[in-house]
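Let's take a quick tour of some side chains and where they sit. Have the viewer open as you read.

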Amino acid sequence: MNTEESIQRGFADQQRHSAAELYDAAFGAKLSIAIPNTARRIAVLRQGIESSFSFVAVSDGHLVGIAGFKTAHGSFTGGITFRLLKETLGLLGAIRAFLVLSLLERKCVSGQLLMDGIAVSPKMRGGGIGTRLLHRLIEYARNEGYQSLRLDVIDTNPAARRLYERVGFTLVRTESFVYLKWLLGFEAATQMQYTLNVEA
Ligand SMILES: CC(C)(COP(=O)(O)OP(=O)(O)OC[C@H]1O[C@@H](n2cnc3c(N)ncnc32)[C@H](O)[C@@H]1OP(=O)(O)O)[C@@H](O)C(=O)NCCC(=O)NCCS
């Protein structure tokens, strides 16, 4: 039987490791520039992700999707501090990771909820989970009184961009990283936004 996944706010503490693995399966290639060793990267994620800044999809008790978000009060990956990096990677590894992660960091703007990564388990992609997580984030943004939901998508991920456009996100601007392509692996990131009809 194919039961529909449930979408809920946050994950249970015993799902923390699965959450880190799921996030790494989606973003590991990008994060490996900051933390090349997979086991250490997952260890950092496991300790540094904040459940309360996420919505997750659960199927038969297994975590199959995550959408993180960032507000002025914190973010899904906000627990990845220099201290945690230093404890896990040592001083030199922490400095490297911190510098690369700072380049990828996005700042919050007043009235805007920021998406902090969306990932669906590789086996489950293409089945509508990503769309449902995005709709849940939009609903949350609306209920919390935000005027818009913003995300960034890199130029090497046109499929994700198509998905965002289908859900109703529109292009805001594209930021060039040409001079950092050798390091980051992409040369442009496009900011997209879903505008909410907030009553005056
Ligand atoms: C992007 C992602 C979250 C979408 O979740 P999903 O559950 O597959 O999405 P849905 O089933 O609701 O929608 C499928 C759409 O997602 C897009 N998509 C992006 N990457 C995909 C992938 N690896 N497999 C299947 N669809 C993908 C396709 O455009 C597809 O639309 P189409 O039917 O017009 O081809 C998921 O594919 C994923 O985790 N990708 C890797 C991480 C990533 O790229 N995150 C976004 C960074 S901005």
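Is lysine 70 buried or exposed? This is a predicted model, and in it lysine 70 has a relative accessibility of 13%, so it counts as buried.

## A bridge across the sequence

Lysine 70 pairs up with glutamate 105 in a salt bridge, at 2.8 Å from N to O. Lysine 70 is in strand 3 and glutamate 105 in the loop between helix 3 and strand 5, so the pair ties together parts that are 35 residues apart in sequence. Glutamate 105 is partly exposed, at 44% relative accessible area.

## Other salt bridges

The count of salt bridges comes to 10. One of them joins arginine 136 to glutamate 139, with the closest N and O atoms 3.4 Å apart. Both belong to helix 4, and being 3 residues apart, they are separated by about one helical turn. Arginine 136 is partly exposed at 28%, and so is glutamate 139 at 39%.

Then there's a network of salt bridges linking Arg106, Arg150, Asp152 and Glu175. Within it, arginine 150 and aspartate 152 meet at 3.7 Å, N to O. Arginine 150 is buried, with a relative accessible area of 5%, while aspartate 152 is partly exposed at 26%.

At the start of helix 2, a side-chain oxygen of asparagine 37 comes within 3.1 Å of the backbone nitrogen of alanine 39.

Glutamine 15 sits in the loop between strand 1 and helix 1. Glutamine 15 is buried at 13%, and beyond its neighbours within four places in sequence, it contacts Val58, Gly61 and Leu63.

Terms used:
Residues are numbered from 1 along each chain as its sequence is written. This is a predicted model: local features need pLDDT of at least 70, side-chain atom pairs count only at pLDDT 80 or more; totals for chains, interfaces and linings use all residues. Side-chain values use heavy atoms; hydrogens and water are left out. Helices (H or I, at least four residues) and strands (E, at least two) are DSSP runs, numbered from the N terminus. Buried means under 20% relative accessible area, exposed over 50%, partly exposed in between (1.4 Å probe, protein chains only). Contact means heavy atoms within 4.5 Å. A polar contact is a pair of N or O atoms within 3.5 Å; within protein, one must be able to donate a hydrogen and the other to accept it, and residues adjacent in sequence count only if both atoms are side-chain atoms. A salt bridge is a side-chain nitrogen of Lys or Arg within 4 Å of a carboxyl oxygen of Asp or Glu.
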